[in-house]
Structures are given as C-alpha cells and as structure tokens.
Amino acid sequence: PIMITIRSLTKVSSSGLLVSPLKAQVVRSTSVLTSCGPGHVNSRGCVVADGAFLSRSRISNNSPKGLHISHIFKGIGAARSSSTKSMAELVSHYSSKPQTPVSLQTLMETGRGERIGKGGTTDATKAASELDSTATELVLMQVASFLKHELPIRLAHRIKDLDDVPMMSEMKSVLQVRDWYEKSMTELIEFPAITSKEEEEKFAKLLEGIYERHAGVLVTMARGAFELRAAIREGKYGRGGKADFEEMEGMHKFLDGFYMSRIGIRMLIGQYLSLRQPPMDGYVGMICQKTSPGKVVQQAVDDASFMCNRKYGDAPEVIVHGASDLTFSYVPTHIHYIMLELLKNSMRATVEHHGVDEDYPPIKVIIADGEKNEDVVIKISDEGGGIKRSHVSRIWSYLFTTADPAVQEGMVAFENVDHSIDSPLAGLGYGLPISRAYAKFWGGDLSVMSMEGYGTDVFLHLSRLGASKEPLP
C-alpha cells in the first residue's frame, strides 16, 4: 500500500494548484519520492510536469509554486516501477564521494573539544578543553554533523560492494543486509542539517536505531555464506556443483573490506553515542586513555575459561607474563574481542589435542615491555597440536573453520549476535580474520606461527601511537 502524507501545505488555489512551498512525502515501504520543477530532471531524479515520479527522496521545501496537487497522485503508478532505478542513482552519487578516514588521536581530540577551534573561537576551544573528556553541546553537534555527512557515503560504498560481489550478492541473507544499509542511508540523507541541541538529540536517537539494526550483520552475512555453500552443492554455481569455497580470492577480499568498513561505521557511531553518556574517568567516549593490556587480557582469560569449562568441564591454565602495568590509549573492547578469540582457539586446541580429563600444559601470554616500543605486542603460546601446513593459508578465510558443521548450523540461527560469552567455543570460522581486521584497523597486525604436532604462537601487534588512520576499502 502507498500512503500519501502532505505536510506544511499553506495554500491551495481553487483550481487545485499549490501556490506556496510544499512539504510532502509519498511513502511505499522504505521508498520516499521527490518532486522538482516542471520538465526538469536533476542528478537525483525528480518529478516532471505531468507527474511522472522518477526518484526516492523527499519533496523539499523549494518545490515549485504552481505544481498541481493531482500530480502527486498521478505519479504513484510510475513510482512503482522506477524506485529501484532511483535508489541505484542515489547509491551511485554517494559512493562516488571519498570516505574520510579517522584515527584514534583524532577521535580523542574531537571528543575532548580540542578541534572546535577549527572554524570556531579560541575561547570555545579553551572552554571545551577544560572539560577534558566531558562532551559539550558544541562537541556533540560537531561530531553529529560529521556523521550526518560521512555515514551515508560509507553506507553507499558498502551497498555498491554488496551489489558487485559475484554470486553472494544473490543470497537472501545478503539482500537482507543490503536492505538494512539502504534503509539507514535513506534515513540519514533525509535528516535535516543539525543546527540545534534538539536536532542533535533526535539525530542521536536515529543513530541508536541504526546501531541496533546493524547489530546482526556479521551473523547474517555468515548465513549468506552458508546459503551460497548450499547453492554450490545444488549445482547453481561452480563446475558440477563443486567450487573451492575457501579459496575464492575475490570474495575474501570483499568480505575483508566489508568487515573492516563495518568496524569503522560501528566505531564512529559507538564513539558518538558514548560521548553522550556521563563521562567515565580516563575515557573519551569508547577510548580509554590508560588502557591496561594486562587487565584486559585477564578479563579475556576469565571469559574464555568460563566458555571452555562450559564446553568441556575443564580449562587449561593461562599464565600471563610481562608488562602488567603498561598503559596506553586504545579501545579496550577491541583488545578484549581479539584476545577472547585467540584464547578460545588455544584452549579448544589444547583440550582436544591432549584429551578431556588430562593434565593440560599451560597457555602462556607474554606482554612485551618497553615504553619506547612502537607497538604493544602480545604473544599467545599453546601446546595444542599446531595447525596443518595445508590449513595455514586458509586460517584467514572467513569461510574456513575446523568446528563441527552442526555447531556452525547452530551459530547462523542466532539473531543480532556478533560475539559474546553466550556463543559456542568455535563456530563461524570468523574468529581469526575478524580479529586481524580489528588489529589492522588502528595500524596493528596479527600473525601466526605454528608447528604441527606441537603448538601455535600468535603475535598481536597494537599500535601505541594512535596516529594510524583506519584503512578504508
């Protein structure tokens, strides 16, 4: 069904002509249509004089006087067949714009109000800086305005990528993700310029909804991968129903870029929403200025041990050595996610290699010392039997896992779950590649060295400088 809503209609002449600016919306599902001048089609598409609707964006305040109200209704039929084309034009327009990468340093400076002076006054900068991590109204409006500009561009880039990726773009779950991105992009584009505290508060509520909407993207995309596996088995793709799914280079490159971008989008929204909360000591939004790797590692050890005990009834001991008192500016939740994934892998490998109810060799975690080190380096060593040489090249694949297929089937049944202690010890096969994406996001890295029959060493590098900008695809 199509709903017609006309807002702010100040005057209609006796002949039915609009003689003053009109705000109106024609809504069909998530479609919103735009009216422009008679006989004119701009870069976004518009309504011509006879009422043929060519676009999905709202009728603006500058709609022409003299537009007959019947044109709105006459255009409904054309709207049904043209909405897909118009959204494609919108995506093309925004995806042609460059994305703006940010760094931890930039986010901290912005959150502290140190960048208000750019285009503002020295007094405003000083006042905001004195509040340290407390977000002032000026800071929130500055960040909100940046997100209103930046997020539609990033979302459009991802929609274009989803359209272009071969085979996977046709999967039902991937189309669901695309719909989420399209809906969020449309909402952001339609939101008015942020010029007051009230508009900023409304924008924050919009972003809360978008953040929640996209919470299940990782699992939904994983479901799309399973759907593609099934399609390959049925002979719809590949040769005779066969394809080396783990070695599809183009698809892996797409997934790597897609998830890297997703980390960035969620970081930007999460940082902004955190700035709106009562300030926590030592934090600027999500960024802790005195992140302790030792404390974060210990929390990950506790969580991984809980999960391993739940699965096997026991868990290997984890011994932490090194710079337990080291602190630096970072996002603690990112370190926790990476360490939890790595420790889960080590614990599962150790228990399964040595057998349940055996005495397990301890897992060792070493945090490198040295205030002048370029990186904070964390090494995880286990004696879990190592990785087969034939599997080493596949461990960074989003489509490879040694977990039981039944566990994988169960994982993709979850809704809106990215990662938590409620999930199985192993499942989607996303643990290592997503962990590396988190590490690389702020200029770090993740590497693996394995000795089959003995164990595995994993090296996590975290950039302590905070100046590295996100590697946007």
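Let's start with Tyr 272: at 0% relative accessibility, this residue counts as buried (under 20% relative accessible area; exposed is over 50%, partly exposed in between, with a 1.4 Å probe and protein chains only). A word on the source: this is a predicted model, where local features need pLDDT of at least 70, side-chain atom pairs count only at pLDDT 80 or more, and totals for chains, interfaces and linings use all residues. Residues are numbered from 1 along each chain as its sequence is written, and side-chain values use heavy atoms, with hydrogens and water left out.

Now the rings. The structure holds eight aromatic pairs (Phe, Tyr or Trp rings, the six-membered one for Trp, with centres within 6.5 Å; planes under 30 degrees apart are stacked, over 60 edge-to-face, the rest tilted). Tyr 181 lies in helix α6 (residues 172-190) and Phe 258 in helix α9 (residues 249-275), so their pair ties together parts 77 residues apart in sequence. Helices here are DSSP runs of H or I, at least four residues, and strands are runs of E, at least two, numbered from the N terminus. Tyr 181 is buried at 2%, and Phe 258 is buried at 1%.

Back to Tyr 272. What does Tyr 272 pair with? Phe 203, in a tilted pair: 6.2 Å centre to centre, 55 degrees between the planes. Phe 203 sits in helix α7 (residues 197-213) and Tyr 272 in helix α9, so that pair ties together parts 69 residues apart in sequence. Phe 203 is buried too, at 0%.

Last, a cluster: ring pairs link Tyr 181, Phe 254, Phe 258 and Tyr 259.
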